[in-house]
Amino acid sequence: MSYYLQLLLNGVIAGSVYALFAVGLTLVYGVFRFINFSHGELITWGAYLTLMFYTPPFSWPLFLSAIPAMALTAVIGFSQDFFIYRPLRRGNPITLLIASIGLSYMLRNAVRFIWGSDLRTFDFPPARGMEFGGYYVTGIQLLMLAAAVFFLAILYLGLTRTLWGKSLRATADNLELAAIMGISMPRVSASVWILASVFAAAGGILLALDTNLEPVMGATNLIKAFAAVLLGGAGNVWGALLGGLFIGIAENLGVAFFSPGYKDLVAFALIFLLLLFRPRGLFGLLTGVR
Amino acid sequence: MKRWTGILACTWLLLSGLVSAAEVKVGSITPLSGKLSVYGEGFQQAMLLALEEVNAEGGIKGSPMRIVFEDNNSAAAGSVSAIQKLITIDKLPILFGPAASSNYLAVCPIAQQNKTILIAAESAAAEISKCGSYNFRVFPSDALQGIGVAELTHALKFDQVVLTYINNDWGVGLAEIFKKKFLESGGKILDDFAHDEGKTDYRSEVLRVRKSNPKAVVNLTYIKEGATILKQAYESDVKTQWLMGSASKSPKLIELAGEAAEGVIGTYPTFSQETPQYQAFKAAWEKKYPDKKIPVFGEYNYDMVKLTAKALRLAKSMSPEDLRQAMIEAGKGYAGVTGDKTFDANGDVGAVYGRWTVKQQAIQDYK
């Protein structure tokens, strides 16, 4: 029994990071109606920028390095929109999709160009995990969980309790009508991109702390975020959150029943099944940021 | 306008043809991007070192030798497009194949079909021996290494182990040979499962190891995956003896896993570091790349280029058959940095296996 509970625990922790990725992806989809393939690169950039501030010549402490890194990732996210997506928004949605794929390659190779394709780490010595009645959790895993809860709580409060949240939800509901009602579109779109970037960067930093950094780290995790978004119903923030957790738990529990070599199968199979039978997602209450 | 472009293109083609006629070109499919690029840069540097020496010795019958590098993004699909380009556009008769056996196996039928010589310097799958007559490799086959790991496990008196391996052609093939040999020698496998390539979270896999509470775990994997598994096992306090293969033997493993890599024991195809060939290679490497350590499989890549140059000098003509004969001829008794490179009927070479361990955060020979 304790074996399954430990698997569940690992799943929740992995899932909370997937949720951080998925929320940003679904938010962008909810408002702009397109899937941003370069979302994965924001994850990578967040992690590498933190490494940059953490290592010489800066050598700042980790928490201090994470702040400018998240801010710079937000600048990247915002510039993506400002320079590329905004001019294309009136066109065909396929154009946006292809532009985002191109952008993802460009950003990924920029990481390679600057930091090389070698594996990098934050060089933390591995520490024995803390034991709670037979369950093992590392400090970084706890940090992952705490950070996910923290960011998602801020998001919850922001969306439900503030005027900004209301205007965001209105825009997701109907972009044109919201604009007619006097909601400032540039402000809403800027906040969506900043939010999505900061969440992706935070997830990327946590992932890098837990293991290591490499230029494809974002792209490989993006598929999990996709599955989470679909599971929750595209555009649904709370759905993406639950979707992320669900995937984390499903793939970790799956290890008990089949070879872990096929772990990714869970995420991919879920995408297929959902697209076939529940295209609006399992938790698809209705589309839109709810 | 169109006509001018046409004429320009023709002139360019003609000119580039003239320029390249003076060079002897061979191709290389190298993982310069993607997940194997950790290794790729090192392969390339070793090849370039050998190339520099070949050209300093007068090249191939007076013409300089050149390697055309094609990136494969560390993937089978990328390797196939790379080989297509090297064969059909560059028309190169000798190619250095991609690392990772799955990538190599994806391209070797294409080389065979086009009568193009394909040489492997770091692909170990036993399956590769069946690639065909135009296939050569300077790296020993896993058929030998699988037996090596089984013998190591047996010699250390671990008769019950958990086996885990990376889920690709190389890992699966190696695991099968290990299993066969280990079971034959009376060993028992408590649990065996594959793990995915390129993951950051192997905690569930580690839990599965912990479930059988084994004295030893045979983990046939790469550097990054190996380091992550070791680290996450250490975090959840799994106390066991880790036994690994040659692909994890790298200072990078220790850099990534730190303390958690301490005490790992593994096997690797070895060669004497006392030979004059090795000493010369080492000196040349340190001169060309003073602040870089000799990379994993660097010696094999170096040997591959040197041996190919020898074959090109021996070849009566550049026809596929003459080149193939020249390769076999060049290999006969060839004493490279990595030992004897005499090719058998499958284009394979023999091997000697050594044992490595991690002690005080450094890779050392296990005695």
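**View 1. Contact of helices H3 and H8 in chain A of the predicted model**. On H3(A), the residues Ala66(A), Ala69(A), Met70(A), Thr73(A), Ala74(A), Ile76(A), Gly77(A), Phe78(A) and Asp81(A) meet a set of residues on H8(A) that includes Ser189(A), Ala190(A), Trp193(A), Ile194(A) and Ile205(A). By class, this contact has 15 nonpolar, four polar and one charged residues. Two packed helices are described by the angle between their axes and the distance between the axes. Here H3(A), residues 62-88, packs against H8(A) at an angle of about 135°, and the axes are 8 Å apart. The two helices are therefore oblique to each other, and their crossing is right-handed.

**View 2. Contact of helices H2 and H8 in chain A**. Helix H2(A), residues 39-54, and helix H8(A), residues 185-210, pack with their axes 7 Å apart and at an angle of about 60°. That angle makes H2(A) oblique to H8(A). The crossing of this pair is right-handed. From H2(A) come His39(A), Leu42(A), Ile43(A), Thr44(A), Trp45(A), Gly46(A), Ala47(A) and Thr50(A); among their counterparts in H8(A) are Ala196(A), Ser197(A), Gly203(A), Gly204(A), Leu207(A) and Ala208(A). The contact has eleven nonpolar, seven polar and no charged residues.

View 3. Most residues other than glycine have a negative phi, and most peptide bonds are trans. In chain A, the peptide bond from Pro56(A) to Pro57(A) is cis, with omega near 5°. In chain B, Asn73(B) is not a glycine, yet has a positive phi of about 55°.

**View 4. The parallel five-stranded sheet of chain B**. Chain B has twelve helices and 14 strands. Five of the strands form an open sheet with parallel pairing, in the order E2-E1-E3-E4-E5. Strand E2 (65-71) and strand E5 (135-137) of chain B stand at the edges with a single partner strand each, so one side of each has no neighbour in the sheet. From one strand to the next, the twist averages 25°. Within the sheet, E1(B), residues 24-30, pairs with E3(B), residues 94-96, in the parallel sense over two bridges. Gly27(B) has Leu95(B) in E3(B) as its bridge partner. Helix H2(B) packs on this sheet, where it touches E1 and E2 of chain B, and its direction makes about 165° with that of E2(B). Helix H3(B), residues 76-89, lies across E1, E2 and E3 of chain B and runs at about 145° to E2(B).

**View 5. The mixed seven-stranded sheet of chain B**. The strand order of this open sheet is E7-E6-E8-E9-E10-E13-E14, and the pairing is mixed. E7(B) and E14(B) stand at the edges; each has a single partner strand, so one side of each is left without a neighbour in the sheet. Neighbouring strands are turned by 25° against each other on average, direction ignored.

**View 6. The hairpin of strands E13 and E14 in chain B**. E13(B), residues 352-359, and E14(B), residues 362-365, run antiparallel and are joined by four bridges. Trp356(B) stands opposite Asp365(B) in E14(B). Two residues lie between the strands of this hairpin, and Gln360(B) in the turn has a positive phi of about 45°.

**View 7. The contact between chains A and B**. Chain B contributes 31 residues to the contact and chain A contributes 30 residues. On the side of chain B that touches chain A, the elements giving two or more residues are helix H2 (37-56), strand E7 (188-195), helix H7 (203-212), helix H8 (223-235) and helix H9 (251-257) of chain B. H7(B) gives the most to this side, with six residues. By class, this side of chain B has eight nonpolar, ten polar and 13 charged residues.

Definitions and conventions. Residues are numbered from 1 along each chain as its sequence is written. Chains are lettered from A and ligands numbered from 1 in the order in which they are written. This is a predicted model: local features need pLDDT of at least 70, side-chain atom pairs count only at pLDDT 80 or more; totals for chains, interfaces and linings use all residues. Two residues are in contact if their C-beta atoms, placed from the backbone, lie within 7 Å. Ala, Val, Leu, Ile, Met, Phe, Trp, Tyr, Cys and Pro count as nonpolar, Asp, Glu, Lys and Arg as charged, and the others, Gly among them, as polar. Two strands pair if DSSP finds at least two bridges between them. Axes are lines fitted to C-alpha atoms, for helices over the stretch in contact, and angles run from 0 to 180 degrees between N-to-C directions. Angles under 35 degrees count as roughly parallel, over 145 as roughly antiparallel, 65 to 115 as roughly perpendicular and the rest as oblique. A crossing is left-handed if the near helix is turned anticlockwise from the far one by less than a right angle, and right-handed if clockwise.
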